[in-house]
Amino acid sequence: MLTVDEYMALRRLISSERESEGTTLSEEVRSEPKKRRKSAYGRKYSAAFRRIAPTYKNKNGTWRKGGFKAAVKAAHKAVKK
């Protein structure tokens, strides 16, 4: 069992390793991940989902019971046609 002082010393050691020069350099070298281009199917599906989703929602904007799953299924079916 570790004492509180030993535990805090261990935490400081771990955090200092993270802040070491090597890790900060590797973080700086990393750039934003490249965004993937949407496929044609993905673009058609998102448009169909936006068009179909309101029919599966309540008047206050929340999803009906089982509505989200049904909307997804309907959107996929609409794109497939």
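This is a predicted model: local features need pLDDT of at least 70, side-chain atom pairs count only at pLDDT 80 or more; totals for chains, interfaces and linings use all residues.
Met8 sits in helix H1, which covers residues 4–18. Its relative accessibility is 41%, so Met8 goes down as partly exposed, a label for values that fall between the 20% limit for buried and the 50% limit for exposed.

## The overall build

Zooming out, the protein has four helices and zero strands. Read from the N terminus, the order of elements is simply α-α-α-α.

As for what's tucked away, 14% of the 81 residues in the protein are buried. The protein exposes about 7700 Å², and 56% of that comes from carbon and sulfur atoms. On the contact side, take the pairs with a separation of 6 or more: 35% of those contacts are between residues 24 or more positions apart.

## Around Tyr56

Now for a loop residue. Tyr56 is found in the loop that links helix H3 (40–52) to helix H4 (67–80). Which residues does Tyr56 touch, leaving aside those up to four places away in sequence? The list is Trp63, Arg64, Gly67, Ala70, Ala71 and Ala74.

Phe68 is worth a look here too: Tyr56 and Phe68 are 12 residues apart in sequence, with 6.9 Å between their C-alpha atoms.

Notes. Residues are numbered from 1 along each chain as its sequence is written. Side-chain values use heavy atoms; hydrogens and water are left out. Helices (H or I, at least four residues) and strands (E, at least two) are DSSP runs, numbered from the N terminus. Contact means heavy atoms within 4.5 Å. Buried means under 20% relative accessible area, exposed over 50%, partly exposed in between (1.4 Å probe, protein chains only). Accessible areas come from the Shrake-Rupley method with a 1.4 Å probe; for residues, only the protein chains shown count as cover.
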